[in-house]
Amino acid sequence: MSRSDEVLSRALELREQGDLAGAIEALRVGASNALGDAMLALNLAKMLSEDGQLDRAEPWFKHAMKLAPDDLDLRLAYGTFLGQTGHAAAARDYLLGVVKDLELAFEQASELGDSEAIIEVNRFLGAASVNIGRAALECGDAAMAIAFARGWVQDAECGDAAKELIADALDSDELDPQRLAE
């Protein structure tokens, strides 16, 4: 196990034990000592974001993006982060680009018959779709939110988030009654 893997494992263990501050500190030290490790930077950014330290998370997201611009987990996390920071339109647009790339990856995995890749890409597609829907709702487009969430209601991993998003969209004042009936 590499030093970076050890740091990440320890940080995840601390987080699971409820010590988010300790996890963040372990990742901060680890990422500072291994500035070329995108995974440490990404996990540090995610945990800082989870802790509400959005201003401290942003530079780590950007650093990770420089290191691994094509990493789907990183791109999905960054798009979600944009929404968390109040940039709903930017999050929606960014995640739409991620979904296009995911759809291409899904097609390629399907053509190759790679069932593991299909499952992984599908997981990312579900999360990205729900996040796009959330960003669309934040932008006042409840119909778009429902459209992106609808296909994921039965999904084991993101079904609850999709249902919650649809409920929030239905509760919003942004839906035209005729569109709602449709």
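I began with Leu40, which I found buried at a relative accessible area of 1%; the model I am reading is a predicted one.

I then placed Leu40 in helix 3 and listed what it touches, leaving out residues up to four places away in sequence: Ser4, Val7, Leu8, Leu27, Gly30, Ala31 and Ala34. I also looked up Leu40 against Arg28, and the two are 12 residues apart in sequence, with 8.3 Å from C-alpha to C-alpha.

Next I turned to the pairing of helix 2 (residues 20–33) with helix 3 (residues 38–50), whose axes come within 9 Å and cross at roughly 150°. Because angles over 145 degrees count as roughly antiparallel, helix 2 is roughly antiparallel to helix 3. I noted the crossing of helix 2 past helix 3 as left-handed. On the side of helix 2 the contact is made by Leu20, Ala23, Ile24, Leu27, Arg28, Gly30 and Ala31, and on the side of helix 3 by Leu40, Ala41, Asn43, Leu44, Met47, Leu48 and Glu50. I sorted the residues of this contact into 10 nonpolar, 2 polar and 2 charged.

Last, I looked at helix 6 (residues 88–112), whose 25 residues reach 35 Å from the first C-alpha to the last, close to the 36 Å expected at 1.5 Å a residue. In helix 6 I recorded Ala88, Ala91, Arg92, Leu95, Val98, Val99, Leu102 and Ala109 as buried, and the buried residues of this helix pack against helix 5 (72–84), helix 7 (115–138) and helix 8 (142–150). Just after helix 6, I found Gly113 with a positive phi of about 70°.

Technical notes: Residues are numbered from 1 along each chain as its sequence is written. This is a predicted model: local features need pLDDT of at least 70, side-chain atom pairs count only at pLDDT 80 or more; totals for chains, interfaces and linings use all residues. Side-chain values use heavy atoms; hydrogens and water are left out. Axes are lines fitted to C-alpha atoms, for helices over the stretch in contact, and angles run from 0 to 180 degrees between N-to-C directions. Helices (H or I, at least four residues) and strands (E, at least two) are DSSP runs, numbered from the N terminus. Angles under 35 degrees count as roughly parallel, over 145 as roughly antiparallel, 65 to 115 as roughly perpendicular and the rest as oblique. A crossing is left-handed if the near helix is turned anticlockwise from the far one by less than a right angle, and right-handed if clockwise. Contact means heavy atoms within 4.5 Å. Ala, Val, Leu, Ile, Met, Phe, Trp, Tyr, Cys and Pro count as nonpolar, Asp, Glu, Lys and Arg as charged, and the others, Gly among them, as polar. The expected span of a helix is 1.5 Å times one less than its number of residues. Buried means under 20% relative accessible area, exposed over 50%, partly exposed in between (1.4 Å probe, protein chains only).
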